[in-house]
Structures are given as C-alpha cells and as structure tokens.
Amino acid sequence: MTDRNMESSSSSYMGSQNEHIKSIIHIDVDCFYAQVEMIRNPELRSQPLGIQQKNIVVTSNYEARKFGIQKCMLVCDALKACPNLKLVNGEDLREYRTASSKIFMVLQSWKCPVEKLGLDENYIDVTNLVKERLKNTSNSITISGHIYNEPSVECTCGCHTRLKLASQIANEMRYKIYDELGFTTCAGIAHNKLLAKLVCPLHKPNDQTTIFPEDGVNFMSNLQSVRSIPSIGLKTTEALISQKIITVSDLQQVSMELLKKHFSADMAVRLKTLSLGEDNTPVKQTGRPQSIGLEDSFKTVSVKSEVEEKFAALLQRLLILVREDGRIPVSLRVTLRKKDVKRLSSHRESRQCQVSPSIFTINNGALTVTEAGQQKLMSTIMRLFTKLIDLSKPFHLTLVGLAFTKFQERMTGRSSIVNYLMNDISVQSVLNIQNDCDTSTSMDYSAVSPSSSTTTDLSDAEVEPSPKKPKKVTWIAKRRCLSKEEIASPSKLKVGELRLNSKELEKVSELRLNSRDRSLTPRASPARDMSDNSEAMKDVAEGGNCGDCPSYVDKEVFNALPEDMQHELKAMWKNPSNSELPRSSPRNMNKSKSNTLLKYFVPNK
Ligand code: DCP
Ligand code: MG
Ligand code: MG
C-alpha cells in the first residue's frame, strides 16, 4: 500500500467515532446440511459423511474433511479420497429450510435486526443491545473466543469494549442455537458486516473470532483473491484481473483514477472501501420471502405431456413449501427457459396470473389444497404455458419453474377484520397482475370479482350479511361513503359480530387509503401489521363505555365501533343540532343525511 493510501485509510478508521459505532455479528452453521442429517440420524455422527446432490458432494461433516473431502467435489473423487464416505442424498431441501428458519427464529429472540443470508448464515446488528448492556455494566469486559491479531494501538472511540461485549452476545447466541437445536456454529464479530463475515470462518468449527477496526486493512491485505470479498462477483473479478488487480492488496493500492476508468464512480469507491475493510451497509431485517418457487432444469423437453409432468412434480413440491410458509398464495408465475436450436442460445420467459385464495383451505391449521384445487392450479399452469409457447411449432425447453409470487397472511383470530382486508388486498393486487398477463378474459382473473375472492374458508366465523356481497365489501363500502344505495339495510350490519376494534379499523382505513390512493399492491403483511392488537381486542371484549348512549343503541354494536366513530356518535348525541338528529327519536334517523353514522343504529325491525 502506498503511504498516501495507508494514511487516508488509517485516518478514516481512527478518526471518527461514528466509524466504529456498530457491533455486527455474523453466524454461519458448521457443515450445515451434514449437521441436519446428523441431527436426524445420530449414527451418522461418528462416520465421514458427504451430502450428495446429483454427482457432487455439496458438503461434508468435519470427520470427512479430515480425508480431504471438499465442498463441490465430484462423488467419484470423494470416494477415492475416502472410500468409507457415507453419502446421504441432499436434493430435497425441505429439512434444511426448516432448520434454517428455526435458527433464524432463535436469533430473533434477541430483538435485534437479523438478516438472513442463504440458508446457514445470518447477520445480527447488536449495536443497541451492546449499548444497553454497557449502561448496566461496570466490570471490565473480556472477550469471548478468539481475537484476530490483538492490535498494539487501541482506538479511542470505545469500539474495543463494544466489540468485546458483542463477542459475549455472539457466544450466547451460538450457545442457544446449540442448546435448542443442536447445531454448532461459527461467528465473526466486527464493526461492519464485511469484516464480521470474513473473520467468521477463521476458527472453524464451533468457535468465534473478533476483529477490531484497526486491523481491517491488514486483514484484507492478506486475502489472496479479490473474489474473497463477498460482494465482488465473477464479472467484477474478471474485470479486475484484466487490469492486473488480482489480490485484495492490489486493489488497496490501485489508484482511484484507474478504477474509475473501468467502473462507474460509485463502484470504484465501493471497491476501494471494501478492499480497506470498510463497509457501511446496514443489517436489513429479513422478512418472509416475497416469492416461493422451484425450478427444474434438464437437457431438453419438446413434448407438451412431458412439460405437464414436470410441472405436476414441481407443483407437488411447491405446495409443500407453501404449507410450511403458511401464507395463502394469490399469484402464480410460470417460467420457461427456451432453447433456440438455430442460434444455440437460450433465454427465460415468465408469465404470471392471479390464483383464487379459495383454492387453499385450512385443515387443522395446515394449508391444504384438494385434488380439485390442484387440478385448477395445473390448468392455470398449462394455460400460462400455452401463452409462452406456440404449440403449433416445435419447442425446446431446458428449464421449467413455478413460483407463488404474492401472498395473503393467514388469519389468526376468529372473524378478524384481517379477513376483510385480505380480500380487498387480493382484489387490489389483481390489477397489477393483470398487467403481467396479456389476456383480459382468462379464468385466472375470475378471482378479480370481489365475490369470488371471499375467504370463507380462511375463517370459521365469517358471517355473510348479504348473499350478494361479501360482508367486507359491504362494510368497506359503508366505511367509504355510506350511501343509501350501497347500504340497503344499515340495521342489518352486525358490527358486533365482526369483533372490530379501533386499531384494526384505523389500520383498515389507512391501508385502504394507501392502496387506493397510491395504487400500491400491498406487499407488507397486513396480518403482521395487526398481530399486536390483543390489548385493543381485550378492551372491546371487556365492554366499552356506552354509558352516554341513547337507550335504543345496541351497546354491543357501539362498543365494537372504532373509538373515533364512538366519539363522533357521542358528540352527535350530545349536540343533536349538529347532526340534525333528535337524540330521542331513532326512527327519525331515516330523514337524516345519508352519510351519518347514526344510520347504523336504526334498530332491527
Ligand atoms: N451448499 C451447496 N452448494 C455449494 C455450497 C454449499 O449446496 N456450492 C450448501 C451445503 C452447505 C450449505 O449450503 O451445507 C451451507 O454452505 P457453507 O458454505 O456454509 O458450508 P457448510 O455449512 O456446509 O460448511 P462450513 O462448516 O464450511 O460452513
Ligand atoms: Mg456453513
Ligand atoms: Mg454458509
């Protein structure tokens, strides 16, 4: 490194207190697939074990690694190196996905942002937790695990203490994962994601390493290939190599001018800062996947019936994944990779469309699809397929893929307002999906109509107020405009049965406004938004404050209304002149403005 570069990088990591404010942990499971298999079958623990996918050993346990078995070794080579190698087929990823989710859940219990990276890695930003714990700690803090090269000069910003404390938290996390799930893991602890990930495997298996910021440059300079930097991919590596930038040390020393000649200015800066061990990307809390899909690749398929078989097999596997996920799919995407035999090239094409949530039913809490439902899905798939392929001409496919791309959350409570909201959301989302499909009359859009997208099968307590309109449509219509035409009989609206609460209703209004006004397809899970309403629910259940209500008012109905509506009504009752309604004569309400809330309180005849 040139003196100038060294100086600038040195000042950047020693100069500003904010530089090292974060405490990041990276956790990677040891020989992940192999551990899953060893936990399922403990007899495998004592023998060298390889996990096989097709003709490759994708990973092996540490016993096998003693024989030189490496990841992605050909099975034949692995067996040569270790004739006693026990091979387990690892092509079905379900158990690995389940284990991955469980590990993620354990890590979430610290209430810090957790970002999942692949199946066996997670970043955890423990910055705030460290700060909290520091407030309550007076003792000197010792490190847990290894330190990458204890630096002779200690940074003055306090990062050493914070990272030492983070190393103790990492140890707690690893212990809990082991204690609850049986997996050993490695951890890296640093002030940024880059260094945390890179030091994680330094003491494998089942151990952890902390690096202090001062050692970032030195650590990076020892990495042999620029490809070792996580965010540098194959193409960037090739571009760097073409400029004779091979090691990370080369990248540290190369001038910005040269980098900017071959990369965008942003990219050049990013490459340079990464090479110096700097990285300010945040740990982004991982949510649930936006799509769940599977693909199958093969040499060539040119017959429709074979394609159908492939899709049927994929669908079976996909339905298992969806059941594990628990959300209800509302959109399905079909992907094909077409081979152009003349040009010796291939390309991917996709089509997606709406699927009716009513295809999915809940049986003993588990998402299921009946035979008839599966047939419906298959005919949707094949219809999309024929949109992508002109069957009057020969075709050659090398891949088929299926994915569910939009979801509803499952309802948690009986008669939750979420049911109503969900339906509405699915209707909204269709509008976007329609743009993806190039047809306007297909059966896939049948779910567009509100009535066909009811989710009576999602809740055992949904009550239809009218055979013509699902209750939620009626209710939302009332909430929106309360016109006479739309509300044929307000008295029949049994609000109490909906067990609404103010928070839910506010959320509905907000969400509806958002989705309508901004034309958004709601991606965020509404059920998650509403999952913390137990307190408000309790308020409603314990019976509200209808003391001031006129006698004709159904208290149950009143208490079930959102607070703002309750206030509005009370104000009207207090001051009838404002509402143009006599407090004591409910019958006269029919003469009132069509949009008044008091219409809800016309007693049943
Ligand atoms: N994997 C895969 N194909 C690869 C690399 C890995 O299918 N080319 C799978 C198998 C691994 C899992 O991903 O078990 C996690 O990958 P890791 O690189 O973390 O490897 P391991 O966890 O197996 O081993 P280590 O102890 O080195 O982390
Ligand atoms: Mg691993
Ligand atoms: Mg890994």
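## Helix packing and nonpolar cores

Helix H14 (residues 304-325) and helix H15 (residues 371-388) have axes that come within 10 Å and cross at roughly 130°. Everything here is a predicted model, with local features needing pLDDT of at least 70 and side-chain atom pairs pLDDT 80 or more, while totals for chains, interfaces and linings use all residues. Residues are numbered from 1 along each chain as its sequence is written, and side-chain values use heavy atoms, leaving out hydrogens and water.

A word on the axes: they are lines fitted to C-alpha atoms, for helices over the stretch in contact, with angles from 0 to 180 degrees between N-to-C directions. H14 and H15 are therefore oblique to each other (under 35 degrees is roughly parallel, over 145 roughly antiparallel, 65 to 115 roughly perpendicular, the rest oblique). On the H14 side, the contact (heavy atoms within 4.5 Å) includes Val 307, Phe 311 and Leu 315; H15 brings in Leu 377, Ile 381 and Phe 385, among others.

H2 and H5 make another pair, packing at about 95° with axes 10 Å apart, so they're roughly perpendicular to each other. Here Phe 32, Tyr 33, Val 36, Glu 37 and Arg 40 of H2 meet Glu 95, Tyr 96, Ala 99, Ser 100 and Ile 103 of H5.

Sorted by class (Ala, Val, Leu, Ile, Met, Phe, Trp, Tyr, Cys and Pro nonpolar; Asp, Glu, Lys and Arg charged; the others, Gly among them, polar), the two contacts look like this:

| H14 with H15 | 10 residues | two residues | two residues |

Now for the cores, meaning sets of buried Ala, Val, Leu, Ile, Met, Phe, Trp, Tyr and Cys residues joined through side-chain atoms within 4.5 Å. The largest has 40 residues, and those with the most contacts inside it are Ile 25, Phe 32, Ile 124, Val 126, Met 173 and Phe 183. H7 gives the largest share of this core, eight residues. Apart from it lies another core of 36 residues, including Val 307, Met 382, Ile 389 and Phe 395.

Back to Phe 32: leaving aside residues up to four places away in sequence, Phe 32 touches Tyr 96, Ala 99, Ser 100, Ile 103, Leu 119, Asp 120 and Phe 183.

Zooming out, the chain has 24 helices and 16 strands (DSSP runs numbered from the N terminus: H or I of at least four residues, E of at least two). Of its 605 residues, 48% count as buried, that is, under 20% relative accessible area with a 1.4 Å probe, protein chains only.

Technical notes: Chains lettered and ligands numbered in written order. Buried < 20%, exposed > 50% of the residue type's maximum accessible area, 1.4 Å probe, protein only.
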